[in-house]
Amino acid sequence: MIAAEQWYEYQTSYQKYGIDMKPAERRVRSAAPARPAVRGRDKGTAMLLLLLVGLVCVALIIITAYSASITYSINQMLAEEEQIQNEIANLTVELKTATNIETIEERALNELGMTYAEIHEIAYVGGEDIKDFSVALKARAYNE
């Protein structure tokens with residue numbers, strides 16, 4: 001009986017639209033897909049996941065801020081170290097200048113009023129007079 005009804009509908013469509021035209025196909029309405037019901041458990045899981053993602057983001061921000069403060073401290077220490085190295089270099093130059101034999105001789109002559117001793121003003125410790133110091137030093141060095 002269903003086939004007879006369909007045949008009748010086809011016949012009326014052909015008569016309505018003509019023999020050469022294909023009749024409009026009938027669209028069968030399908031039932032709307034059922035939306036799954038959102039359960040309370042799913043909402044809780046989603047909320048927990050959202051909270052967890054938020055905590056991870058906050059932790060990343062805190063770690064980034066902490067690493068930035070450590071980097072700043074390291075850069076400050078490096079700047080202080082460079083400043084101290086420069087100060088050490090300056091003090092080394094001053095020390096070499098102050099202990100230079102010409103500087104010592106100049107201060108002894110000008111500020112302290114020292115003079116070179118004459119040959120008859122030299123006193124030797126140990127009791128013996130050494131006439132030629134270089135010969136005596138050579139003799140002592142080579143045990144002659």
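Here are a few friendly notes on this predicted model.

1. Let's start with confidence. The protein has an average pLDDT of 82, and 78% of its residues reach at least 70. Confidence is highest in helix H2 (residues 40–98), with a mean of 95, and lowest in helix H1 (residues 2–17), where the mean is 71.

2. On the fold, you will find four helices and zero strands. Following the sequence gives the pattern α-α-α-α.

3. Burial is worth a look. The protein has 144 residues, and 2% of them count as buried. Its accessible surface is about 14,600 Å², with carbon and sulfur atoms contributing 61% of that area.

4. Finally, the charged side chains. Searching the whole structure turns up one salt bridge. Arg-107 and Glu-111 form a salt bridge in which the closest N and O atoms are 3.2 Å apart. Glu-111 has a relative accessible area of 55%, so this residue is classed as exposed. In general, side chains of opposite charge can pair when their charged atoms come close.

Definitions and conventions
Residues numbered from 1 in each chain as written. Predicted model: local features only at pLDDT ≥ 70, side-chain atom pairs only at ≥ 80, totals over all residues. Heavy atoms only, no water. pLDDT = per-residue confidence, 0-100. Helix = DSSP H or I, 4+ residues; strand = E, 2+ residues; numbered from the N terminus. Buried < 20%, exposed > 50% of the residue type's maximum accessible area, 1.4 Å probe, protein only. Areas by Shrake-Rupley, 256 points an atom, 1.4 Å probe, with all protein chains shown as cover. Salt bridge = Lys/Arg side-chain N within 4 Å of Asp/Glu carboxyl O.
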